Amino acid sequence: MKHLHLTILSQRQVAEGYYEIGFSWPHDLAPPVPGQFFTVRVGSGPAPLLRRPFAFSGFTAGTAIPDAGTPDSPHTGEARCIYQKRGPATQSMTGMAVGESLDVLAPLGTAFPEHPEQGRPVLIAGGVGVGPMLYLAESWRSLQPLLIIGARSTAFLPLEALPNGIETILCTDDGSHGSQGTTIDALNTACSQNPDLSDNLGSVYACGPNPMLAASHRWALEHQRTCYVSMEQTMGCAVGACMGCVVPVHGPQPYARVCMEGPVFDSQLIDWEGLQHG
Amino acid sequence: MKHLHLTILSQRQVAEGYYEIGFSWPHDLAPPVPGQFFTVRVGSGPAPLLRRPFAFSGFTAGTAIPDAGTPDSPHTGEARCIYQKRGPATQSMTGMAVGESLDVLAPLGTAFPEHPEQGRPVLIAGGVGVGPMLYLAESWRSLQPLLIIGARSTAFLPLEALPNGIETILCTDDGSHGSQGTTIDALNTACSQNPDLSDNLGSVYACGPNPMLAASHRWALEHQRTCYVSMEQTMGCAVGACMGCVVPVHGPQPYARVCMEGPVFDSQLIDWEGLQHG
Amino acid sequence: MAEQHTGFDPAITIGSKQLPNPVGVASGTFGYGSEYDSLFDLDALGGLYTKAVTLEPRPGNAIPRMIETPGGLINSIGLANVGSRRFVTEKYPFLSRLACPVIVNVAGSQPEDYLETLEYLEQHTDLWGYEVNVSCPNVKCGGQAIGTDPKQVESLTREFRRRTTRPVIIKLSPNVTDITEIARAAETGGADAVSCINTLVGMAIDIHRQRPVLPMATGGLSGPAIKPVGIAAVYRVSRAVQIPVIGIGGIMNADDAIEYLLAGASAVQTGTVNFIDPDVTVSIIDGIARYAARHNIANISGFHGLFS
Amino acid sequence: MAEQHTGFDPAITIGSKQLPNPVGVASGTFGYGSEYDSLFDLDALGGLYTKAVTLEPRPGNAIPRMIETPGGLINSIGLANVGSRRFVTEKYPFLSRLACPVIVNVAGSQPEDYLETLEYLEQHTDLWGYEVNVSCPNVKCGGQAIGTDPKQVESLTREFRRRTTRPVIIKLSPNVTDITEIARAAETGGADAVSCINTLVGMAIDIHRQRPVLPMATGGLSGPAIKPVGIAAVYRVSRAVQIPVIGIGGIMNADDAIEYLLAGASAVQTGTVNFIDPDVTVSIIDGIARYAARHNIANISGFHGLFS
Ligand SMILES: Cc1cc2nc3c(=O)[nH]c(=O)nc-3n(C[C@H](O)[C@H](O)[C@H](O)COP(=O)(O)OP(=O)(O)OC[C@H]3O[C@@H](n4cnc5c(N)ncnc54)[C@H](O)[C@@H]3O)c2cc1C
Ligand SMILES: Cc1cc2nc3c(=O)[nH]c(=O)nc-3n(C[C@H](O)[C@H](O)[C@H](O)COP(=O)(O)OP(=O)(O)OC[C@H]3O[C@@H](n4cnc5c(N)ncnc54)[C@H](O)[C@@H]3O)c2cc1C
Ligand SMILES: Cc1cc2nc3c(=O)[nH]c(=O)nc-3n(C[C@H](O)[C@H](O)[C@H](O)COP(=O)(O)O)c2cc1C
Ligand SMILES: Cc1cc2nc3c(=O)[nH]c(=O)nc-3n(C[C@H](O)[C@H](O)[C@H](O)COP(=O)(O)O)c2cc1C
Ligand code: FES
Ligand code: FES
């Protein structure tokens, strides 16, 4: 993990309130992998104060990027992230221009497993969880993942950023795009319409709001699949030092750190009961 | 005095670290006069927190400005200010673009006297005090004011913003432009080189750092002229409510408020001794 | 300007009187009202708390008197005011014409000063009530020296109580080990409400001149930086006493005010924000009413009921 | 990286030992060091204060544990730590290899817990010294409950003193009426230094869910918002005791650290800023040295001498 000053290479809106930002990556640092995240310091004043964590949504290796990095350590790749405009920090990020510097701590956290278990991986995404699932889908392209993305309504689906050639089911709460209902509803419908699919599906990977993660976990349990979830929690240090970002887990320790042991966890480890009270 | 949302009409750099910003003015509000000031709320977060005070450096009446004000109350004038980039608020102001909205409380404070006493008025300016003196010089153009502007060195002189057709003496601490020395040195030199000038000079008007104001006051005393100074003090409310911006004065009350009784004071009223300790 | 939202009664009972709505302006940040008169309709306020009034005029502290800090403001005004007599002749005439409750913030060096000021005001004015400032950190005696001692707070409150039937509000200092102890002392002494909090003791140093920025060294810290301290104080105090608590500290907008009401405050005061957004109270009053309507809150206790 | 600036000796004597320079990292914001190892050279630190260590492991408080406020951070970690035994086996090996002073922040519920932890650490480690956390606002017993009572502070300090010749530093709470009284109690008990301040009691409310954001309701407020409170505390405490004062609270950069040194601190600790700018200590150490060189300051007391 390094404290980096990277160069913004791209920024575009991908859905209502959602943006994709791309920034340079040092040639001598291992590329980020799906599930890992980084933190950004926005501005230099006392507010917003804390660094903000974001998951990587993609990475493109490349050739040296002009004016990014130093001659000794040129930047050769582009890392990307899809973020939602929520409060002061993300608001301010939408105003950052190509060429500006981004203060980044990266790469952080425990990624998704490098190889999925047998079968077509099922990737379930919603809200700010879409970014990492797009990256995971891309990296497992050859394994024919099934990607399911849910949103409140059409406008919030990152249609601009969807991958080509990956089977993707979209669903919305209001039915304005794809089927109406949750991602799990969509998954169940797909399985019941196509029993072959159901048999072919392997383990489950989810990132999104906690209720979506809990539902993915329950679905996986019922269908005897493994499930990995990528969790969120307000962070202090993001490097494992402050014990601020913990979630309740089963096991000898009552809590695990989202920034170190996570953000990706085997869903069986999570104490979903305990989490609800948080 | 009103709480206004004005439209930025212009912004340009006029010297190293100095900028001139222009913004719309409601048709139904009296134009600001030289010596008056306004306060700006920069950003919407907890820092910078307080509104920042700035003096008007000019005003141009005009016709309705598109997209400024409302149909009921169109904005028809442009008010201007010259400001120095110092800390967070002014730093952030340099990034504001034409068309953006400016949160302004204006007009505030007691102006320079509308008419000068007999003779050619002497206007002494330095640093962030240049703006209001340019406005005063402009408004007294027909009275042939003598404008003296001092700066550390050439780069800090607002050469871009100087008025045409007004006798202006420039001086710098390092002699890189005009004579070397203070504004009072320059004034003395001019007087000794041209005794006629000396006789013709009327009252003195000064805005700039406190030592410059004190020197102007002493010069005026020695030469039996009236002197008006425009003072600075950290402000809270800027409307006379908090007693935060006071300066020590002679008279029944020990302090006067820069935002109400000032910023322009008859220099004889100021307790220059007491001010030094502040 | 504030819309009417049916079903929500914004009034709050304090002792024998009512505040028409929960949003007042804090002492020292609103002068004597007239300064803000051209900016909005002062009659809409749920309380106008004047700058501290002392028996005799006070020049206030040496300059500079203010310095901005991260998210905050340190002031060292030092109870600068025209004194009780000139208050009555110069400031009261304007205030007496306002429809909103006018509360004079009373201060002094000795308990006797407070009481003489009170007696003078009782004789020469017809105010809504008094806020007793036993929490000013910017003066050597009086103020905080009294407000950190429960015995003195109780006895001063009792003396106020004996001399007036108008609401008596004790303004608490956060610079104590246990603010609930002071609040209970005020309640025992007969206070109708407590306001909390006054400023925190704070200081800034000029590293270029190697000396304190403020000549008195320390001053009072206010503004958004202290909101968490104010919320914690109100939460604790409102659970320790039966009388209403008026929440103060770092309120910048309606959401902040709602935080205070949920924490247990029955009313709030805006302080530093009046310098930043001088007509913000209008939108805070409105924002509270909208929130109440959205959550079917019938009156201020409804906020407390909703809180878990 | 830090340049050498001739003429300035950055070392500070605390009891029988020296800190090599005045910039340490505050307890709870730097884990047990290893977390930051890849970011900069920890050996350059003027002190590494560990997360609180208690006799037995502690899970810490319910979640969420953190919330950002204007210019600040409220935490409710609740002394989550692996306990003294696992500290020795899991954390100490890394720490023992560092060249910088390692100070364990000791906490507990009862005075006995503190002392047993101390005795265990004395037997199993060779640390630079101890910082006694009698100021944690996030636990029901221990912590602040002890730190607000001068008698308990004095006696606990005395018990530490009897059991170790290493530096004993008492960490003071700002949540008291008179912090100098507590500092003097620590000095009387035999402390080698005091650190000040720990966090302020603060609270935030979730107005959408009508409940405190933190399950424990209140937490500890840190960050730039509290810097003025920390500066005022150091200014007062350093004038009330003879032992060195270690300044903490809201330091974000070298200028802030210099403010503390001028106010009377002999050293400083960076807390929340480690989350924001994890290698900031490098530039703070350098910035202090530059300032000292510019003002011909020979050593840390030179900062105090310059102050008027
Ligand atoms: C591991 C991880 C990965 C994430 N990945 C993404 C992503 O790919 N795209 C994306 O849009 N968002 C992501 N988030 C969420 C993102 O961090 C927040 O949206 C962002 O911090 C909001 O900041 P703000 O100032 O705009 O809003 P705020 O007003 O500060 O907060 C809005 C919401 O974000 C939460 N939040 C605020 N600060 C933090 C913090 N320091 N840590 C965690 N949550 C915080 C708040 O609790 C609140 O609910 C991720 C969070 C985590 C923990
Ligand atoms: C009546 C008056 C008229 C002024 N006119 C001009 C002008 O025409 N052009 C111009 O460039 N500047 C003017 N100033 C000064 C201007 O207000 C400050 O430069 C500005 O506030 C700096 O803000 P900052 O955040 O950029 O810097 P900061 O880092 O906040 O401050 C830099 C300096 O400005 C002073 N300052 C900060 N806040 C305030 C405040 N609220 N009130 C007064 N001083 C403050 C500080 O003491 C410090 O010395 C005027 C000030 C006053 C009182
Ligand atoms: C400039 C200034 C002057 C103040 N004067 C007084 C005063 O005279 N009496 C008093 O009780 N409180 C006084 N206060 C404290 C405020 O009334 C209020 O309690 C405090 O500022 C916290 O609220 P805020 O964070 O909203 O500003 C003053 C505060 C400021 C900023
Ligand atoms: C997340 C967090 C955890 C903390 N844990 C401890 C602790 O275990 N022991 C302790 O004495 N102080 C603890 N503190 C207090 C800090 O050491 C420091 O005193 C405080 O944060 C003020 O400094 P700052 O404003 O620079 O953060 C903690 C602070 C934070 C933010
Ligand atoms: S954010 Fe500090 S331990 Fe995870
Ligand atoms: S700034 Fe408040 S009285 Fe002048």
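A:Met235 sits in the loop between strand 13 (227-230) and strand 14 (246-248) of chain A. Helices (H or I, at least four residues) and strands (E, at least two) are DSSP runs, numbered from the N terminus. This is a predicted model: local features need pLDDT of at least 70, side-chain atom pairs count only at pLDDT 80 or more, and totals for chains, interfaces and linings use all residues. Residues are numbered from 1 along each chain as its sequence is written, chains are lettered from A and ligands numbered from 1 in the order in which they are written, and side-chain values use heavy atoms, with hydrogens and water left out.

### Chain A

A:Met235 is buried, with a relative accessible area of 7%. Buried means under 20% relative accessible area, exposed over 50%, and partly exposed in between (1.4 Å probe, protein chains only). Leaving aside neighbours within four places in sequence, A:Met235 is in contact with A:Phe37, A:Leu50, A:Pro53, A:Cys245, A:Val258, A:Cys259 and D:Met66. Contact means heavy atoms within 4.5 Å. A:Arg51 is 184 residues from A:Met235 in sequence, but 8.2 Å away in space, C-alpha to C-alpha.

Helix 2 (residues 130-139) of chain A has 8 of its 10 residues buried, so it is largely enclosed by the rest of the structure. The buried residues are A:Val130, A:Gly131, A:Pro132, A:Met133, A:Leu134, A:Tyr135, A:Leu136 and A:Ala137. Their cover includes strand 4 (52-55), strand 5 (58-60), strand 6 (75-84), strand 8 (120-126), strand 9 (146-151) and strand 12 (201-207) of chain A.

### Chain B

B:Arg80 lies in strand 6 (residues 75-84) of chain B. This arginine is buried, with a relative accessible area of 17%. B:Arg80 touches B:Glu20, B:Ile21, B:Gly22, B:Ala55, B:Phe56, B:Ser57, B:Gly58, B:Phe59 and B:Thr60, not counting residues up to four places away in sequence. B:Met133 is 53 residues from B:Arg80 along the chain, and their C-alpha atoms are separated by 13 Å.

### Helix pairs in chain C

Two packed helices are described by the angle between their axes and the distance between the axes. Axes are lines fitted to C-alpha atoms, for helices over the stretch in contact, and angles run from 0 to 180 degrees between N-to-C directions.

Helix 4 (residues 150-163) of chain C and helix 5 (residues 179-189) of chain C have axes that come within 7 Å and cross at roughly 30 degrees. The two are therefore roughly parallel to each other. Angles under 35 degrees count as roughly parallel, over 145 as roughly antiparallel, 65 to 115 as roughly perpendicular and the rest as oblique. From helix 4 of chain C, the contact residues are C:Pro150, C:Val153, C:Glu154, C:Thr157, C:Arg158 and C:Arg161. Helix 5 of chain C supplies C:Glu181, C:Ile182, C:Ala185, C:Ala186, C:Thr188 and C:Gly189. By class, this contact has 5 nonpolar, 3 polar and 4 charged residues. Ala, Val, Leu, Ile, Met, Phe, Trp, Tyr, Cys and Pro count as nonpolar, Asp, Glu, Lys and Arg as charged, and the others, Gly among them, as polar.

The axes of helix 7 (residues 254-263) of chain C and helix 9 (residues 280-294) of chain C come within 8 Å and cross at roughly 55 degrees. That makes helix 7 of chain C oblique to helix 9 of chain C. Helix 7 of chain C contributes C:Ala254, C:Ala257, C:Ile258, C:Leu261 and C:Leu262 to the contact. Helix 9 of chain C contributes C:Ser283, C:Ile284, C:Gly287, C:Ile288 and C:Tyr291. These residues divide into 8 nonpolar, 2 polar and no charged.

### Chains C and D

A rotation of 180 degrees with 0.0 Å of shift along its axis superposes chain C on chain D (RMSD 0.0 Å). That is the relation of a two-fold axis. The same surface serves both copies: 100% of the contact residues of chain C recur in chain D. Copies are superposed by least squares on the C-alpha atoms of residues with pLDDT of at least 70 in both.

### Backbone exceptions

Most residues other than glycine have a negative phi, and most peptide bonds are trans. The table lists exceptions.

| Site | Backbone value |
|---|---|
| B:Gly262 to B:Pro263 | cis, omega near 10 degrees |
| C:Ile63 to C:Pro64 | cis, omega near -5 degrees |
| C:Leu79 | positive phi, near 60 degrees |
| D:Leu79 | positive phi, about 60 degrees |

B:Pro263 is in the loop between strand 15 (255-257) and strand 16 (264-266) of chain B. C:Pro64 is in the loop between strand 4 (48-49) and strand 5 (66-69) of chain C. C:Leu79 is in the loop between strand 6 (72-75) and helix 1 (83-96) of chain C, and is buried at 3% relative accessible area. D:Leu79 is buried, with a relative accessible area of 3%.
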